[in-house]
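Please look over the sequence and the structure before reading on.

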Amino acid sequence: MAHEPLTQADVLLEGFLALDTPEGFRAELIEGEIVVTPPPDGDHEEYINLVLKQVIRRSRTDMDYSGNKGLKLKSGGACPKNHAIPDGTFAPTELKLFRGAESWMPCEGVAMVVEVTSTKAAADREAKRRCYARGGIPLYLLVDREASSVTLFRDPERDDYRQHCTFPFGKPLALPEPFAFELETTEFL
């Protein structure tokens, strides 16, 4: 029986999915490149914790959270489907999006993803932003430790977000529906 020949993208995706990364490390396939990230430092986790607590306590819509959840996202060009692992993923509780989900799940229903910059800050600022926009994720919150700022990207269209606003740490950032509250960033200082 004849089989279709494997494309370079197929080979890359198969190799990526077969990776066995060291404990605590995570591997992602972003715009045709395999990115391996070491375990985060304590400050990185503190920023995630500060966002998580506020969303759980203050969001108008009850939200479920998953840290380091694998998402399958559309790709650009001839690259295989992107496989990104946001630092944090929020979805309305009523959707039960994470229940029974595979290691790599589709992104439909995700309300917001959060990234905190670390060793691969440029990927968080550029490549991952494009991936999340292509996936149609309505909100992308970037906590940029180097710039001491938070940026909210919204209104995804094709390869990017049409709107974004950036505030320095210490200034509140308004999160729109379904969250509908001001994220306080004073503790980020």
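The sections below cover the pocket and then the salt bridges of this predicted model.

## The largest pocket

The largest pocket holds about 230 Å³ of space. Its lining is made up of 16 residues, and those closest to the centre are Pro38, Pro39, Pro40, His44 and Asp87.

By residue type, the lining divides into five nonpolar, six polar and five charged residues. Helix H2, which covers residues 42-58, gives the largest share of the lining, namely three residues.

The structure holds 16 salt bridges. In one of them, Arg26 pairs with Asp87, and the closest N and O atoms are 2.9 Å apart. The two residues come from distant parts of the chain, 61 residues apart. Arg26 is in strand E1 (residues 26-30), while Asp87 is in the loop between strand E5 (82-84) and strand E6 (88-92).

Are these two residues buried or exposed? The cut-off for buried is a relative accessible area under 20%. Arg26 has a relative accessible area of 16%, so Arg26 is buried. Asp87 has 5% relative accessibility and therefore also counts as buried.

## Two partners for Arg125

Arg125 forms a salt bridge with Asp144, with the closest N and O atoms 2.6 Å apart. Arg125 lies in helix H3 (residues 121-134) and Asp144 in strand E9 (residues 139-144), so this contact ties together parts that are 19 residues apart in sequence.

Arg125 also meets the side chain of Glu146 in a salt bridge, at 2.9 Å from N to O. Glu146 lies in the loop between E9 and strand E10 (149-157), and Arg125 in helix H3, so the pair joins parts that are 21 residues apart in sequence.

How buried or exposed are the three residues? Asp144 is buried, with a relative accessible area of 5%. Arg125 counts as partly exposed at 25% relative accessibility. Glu146, at 59% relative accessibility, counts as exposed.

## A network of salt bridges

Which residues are linked in a network of salt bridges? The network contains Glu31, Glu126, Arg129, Arg130, Arg134, Asp159 and Asp160.

Methods: Residues numbered from 1 in each chain as written. Predicted model: local features only at pLDDT ≥ 70, side-chain atom pairs only at ≥ 80, totals over all residues. Heavy atoms only, no water. 1 Å grid on protein atoms, 1.4 Å probe; cavity = no way out; pocket = protein on both sides within 12 Å on 5 of 7 lines; lining within 4 Å. Points joined across faces, edges and corners; volume = space filled by probe spheres on them. Helix = DSSP H or I, 4+ residues; strand = E, 2+ residues; numbered from the N terminus. Nonpolar A, V, L, I, M, F, W, Y, C, P; charged D, E, K, R; others polar. Salt bridge = Lys/Arg side-chain N within 4 Å of Asp/Glu carboxyl O. Buried < 20%, exposed > 50% of the residue type's maximum accessible area, 1.4 Å probe, protein only.
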